[in-house]
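Here's a quick briefing on a sheet and the helices packed on it. Have a look at the model first, then read on.

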Amino acid sequence: MANVAYDRREQLRQIESGLLDGEQVIAVYDAIGTGTGFIGLTNRRVIIQDKSFVGKKVAITSIPYSKITSVSVVSNKSWGGSYFSSGAIAINVGTHTYEVEFRGDQKSHHVHNVILHYIS
């Protein structure tokens, strides 16, 4: 697990505790903004912690790569700006879109590229 990119060890441990046989963690990044706690990437799925439920409930959502229809870089800059100038991505699964915002554009770039690799 030396190659795993992560922000917080407790989030990495939470992802590791729910791995399936043969599943490997690629990255676990802390999310900022309302609702999302973190995003985890494995060789089989995307795992998103959602803190937006009423009553302080938290959901851990697993999204198999095969169910993801697209991944987008979200930016409020003009088209002339850098492609990865924003630290946010959007993951489309059917009619639902999960938006995750990060501290820094390197994390959004990494998440985007890993997801794109597995859905291509």
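Which residue in β4 does I39 stand opposite? I39 faces I48 in β4.

This is a predicted model, where local features need pLDDT of at least 70, side-chain atom pairs count only at pLDDT 80 or more, and totals for chains, interfaces and linings use all residues. Residues are numbered from 1 along each chain as its sequence is written, and side-chain values use heavy atoms, leaving out hydrogens and water.

**The sheet**
- Five strands make an open, mixed sheet ordered β1-β2-β3-β4-β5; strands here are DSSP E runs of at least two residues, helices H or I runs of at least four, numbered from the N terminus.
- Out at the edges sit β1 (5-6) and β5 (59-64), each pairing on one side only; pairing takes at least two DSSP bridges between two strands.

**Who pairs with whom**
- β2 (residues 25-30) and β3 (residues 36-42) run antiparallel, joined by 5 bridges, and V25 sits opposite T42 in β3.
- β3 and β4 are antiparallel too, with 5 bridges, and form a hairpin with 2 residues between them.
- Another 6 bridges tie β4 to β5, again antiparallel, with D50 opposite A59 in β5.

**What covers it**
- Helix α1 (residues 9-17) lies across β1, β2, β3, β4 (45-50) and β5, at about 135° to β2; angles run from 0 to 180 degrees between N-to-C directions of axes fitted to C-alpha atoms, for helices over the stretch in contact (heavy atoms within 4.5 Å).
- Helix α2 (residues 105-119) lies across β2, β3 and β4, at about 145° to β2.
- In β4, 6 of 6 residues are buried (under 20% relative accessible area, 1.4 Å probe, protein chains only).
- R45, I47 and Q49 are buried on one side of β4, and V46, I48 and D50 on the other.

Key: Buried < 20%, exposed > 50% of the residue type's maximum accessible area, 1.4 Å probe, protein only.
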